[in-house]
Amino acid sequence: AGVRGGLGAPRLGEALFSSRHGLLFWNPAAWIGVVGLARLARRERTLALALAGSLLAAVAVLSGVPAGASGPAAARRFAPLLPLLAPGMAAALDGLARQAARAPGRLLAAAAALLVAWNLLFMEQYRTGEVPRDSTVSFVAVAENNARLVSRLAGSPLAWPANWAFAARSGLPAERFDLLAGKRLPADAGGAREIDVGELSQDAALLLEGWSVRHPCGAGACRDLAGTARVVAPLETPGAFDLAVQAEGEGVLEASLNGVPLGSRPLTAGGSVVRFPSGERWRRLNVVSLSVAAGGRARVDRIRLEPRGGAS
């Protein structure tokens with residue numbers, strides 16, 4: 001089973017900020033127009049309100065329509081909206097030009113602050129060994145590493161402030177927003193959802209801490225629990241499910257859903273499906289935690305969400 005992403009209708013926040021559908025993510029210059037609309041409102045309030053209202057209405061409509069693709073191709077459908085931002089861009093650039101003429105030192109100070117921040121990030125790369133200490137390094141590699149450091153610390157700037165709100169609401173790192181926004185676990189014919197642990201196309205987005213490297217598992221791959229392992233289960237809508245874990249090992253497997261214990265079940269060396277009936281209602285974004293009691297081991301192949309009462 002895969003993780004649906006890019007082909008479904010994005011939610012409003014995803015339509016603006018996600019790396020799969022985001023208007024502002026793929027067109028960061030549009031921020032100039034958004035900020036400029038506030039400046040334009042000081043001089044031409046009616047025009048600014050009309051432009052802002054039209055922009056919000058168009059984004060709301062498009063956020064309810066399947067994108068048909070992901071990445072830049074999905075963001076292109078917002079291209080007809082960009083003229084609505086042109087007056088705001090003009091107002092913002094006019095204000096910037098006036099500020100530069102009136103107090104150029106402020107712009108120079110801002111540029112200097114960015115250079116200092118860049119250098120601090122570069123020094124962090126040097127400290128952690130991400131760049132060689134006694135050889136040359138390409139600018140592209142430095143820029144890529146700096147972007148990774150910023151994303152790790154505060155999430156991708158292209159998704160601010162949506163990734164901050166996501167982190168505050170979910171308790172997950174802000175950088176996880178870029179991987180999860182726009183993704184859902186698809187339902188099979190019976191309404192169940194499945195996570196194939198060890199499938200690289202899913203693991204980067206869904207697996208959190210506590211998992212080992214991949215191990216051969218039949219025709220596919222599995223991962224061992226290395227302490228308490230957590231996995232994210234994004235759903236299109238909340239629902240009622242029981243948890244089923246296909247795993248093999250020794251000892252007792254314990255599970256919890258969004259911090260609420262679901263109980264413990266014994267593991268078998270030959271492998272089996274370990275089920276945890278759940279009285280909890282699953283949210284749109286869920287975190288499942290798995291652990292094995294001291295002295296035991298567990299190798300997980302698949303995690304299924306089975307409609308409550310329909311598990312077999």
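A residue counts as buried here when its relative accessible area is under 20%. Keep that cut-off in mind, because Asn286 comes in at 0% and is therefore buried. One caution before the tour: what you're looking at is a predicted model.

Start with the whole thing. The protein has 11 helices and 13 strands, and its C-alpha trace spans about 75 × 55 × 30 Å along the principal axes. Of the 312 residues, 40% are buried. If you take the contacts between residues at least 6 apart in sequence, 65% of them join residues at least 24 apart.

Now to the helices. Two packed helices are described by the angle between their axes and the distance between the axes. Take α3 (residues 30-43) and α4 (residues 45-62): their axes cross at roughly 150° and come within 6 Å. An angle over 145 degrees counts as roughly antiparallel, so that is the label for α3 and α4. On the α3 side, the residues involved are Leu37, Leu40, Ala41 and Arg43, and they meet Arg45, Leu47, Ala48, Leu51 and Ala52 of α4. Sorted by class, that contact holds 7 nonpolar and 2 charged residues, with no polar ones.

From α7 the contact draws on Trp118, Leu121, Phe122, Glu124 and Gln125, while α8 brings in Phe139, Ala141, Val142, Ala143, Asn145, Asn146, Leu149 and Val150. The tally for the contact of α7 with α8 is 9 nonpolar, 3 polar and 1 charged residues.

Gly95 is in helix α6 (residues 82-102) and, at 12% relative accessibility, counts as buried. Leu179, in helix α10 (residues 176-180), is partly exposed, with a relative accessible area of 34%. Leaving out residues up to four places away in sequence, Leu179 touches Ala204 and Ala205. Between Leu179 and Ala192 there are 22 Å from C-alpha to C-alpha, for a separation of 13 residues in sequence.

Next, a sheet. Strands of a sheet pair through backbone hydrogen bonds, either parallel or antiparallel. The open sheet to find here has 4 strands in the order β6-β12-β8-β9, with antiparallel pairing. Its edge strands are β6 and β9 (260-266), each of which pairs on one side only. Neighbouring strands of the sheet are turned by 20° against each other on average, direction ignored.

Look at β12 (residues 285-292) and its partners. Strand β6 (residues 229-234) is joined to β12 by 6 bridges, and Ala229 stands opposite Leu290 of β12. Although β6 is an edge strand, 5 of its 6 residues are buried. Strand β8 (residues 252-257) is linked to β12 by 5 bridges, again antiparallel, and here Glu254 has Ser291 as its bridge partner.

That brings us back to Asn286, which is found in strand β12. What does Asn286 touch, not counting residues up to four places away in sequence? The list is Val231, Val232, Ala233, Leu235, Leu257 and Asn258. There is a polar neighbour too: the backbone oxygen of Arg283 lies 2.6 Å from a polar atom of the Asn286 side chain.

To finish, check some backbone geometry. Most residues other than glycine have a negative phi, and most peptide bonds are trans. Asn258, one of the residues Asn286 touches, has a positive phi, near 50°, and sits in the loop between β8 and β9. The peptide bond from Trp160 to Pro161 is cis, with omega near -5°, and Pro161 is in the loop between α8 and α9 (162-170).

Notes. Residues numbered from 1 in each chain as written. Predicted model: local features only at pLDDT ≥ 70, side-chain atom pairs only at ≥ 80, totals over all residues. Heavy atoms only, no water. Contact = heavy atoms within 4.5 Å. Helix = DSSP H or I, 4+ residues; strand = E, 2+ residues; numbered from the N terminus. Nonpolar A, V, L, I, M, F, W, Y, C, P; charged D, E, K, R; others polar. Buried < 20%, exposed > 50% of the residue type's maximum accessible area, 1.4 Å probe, protein only. Pairing = 2+ DSSP bridges. Axes fitted to C-alpha atoms, helices over the stretch in contact; angles between N-to-C directions. Polar contact = N/O pair within 3.5 Å; in protein donor to acceptor, adjacent residues only side chain to side chain.
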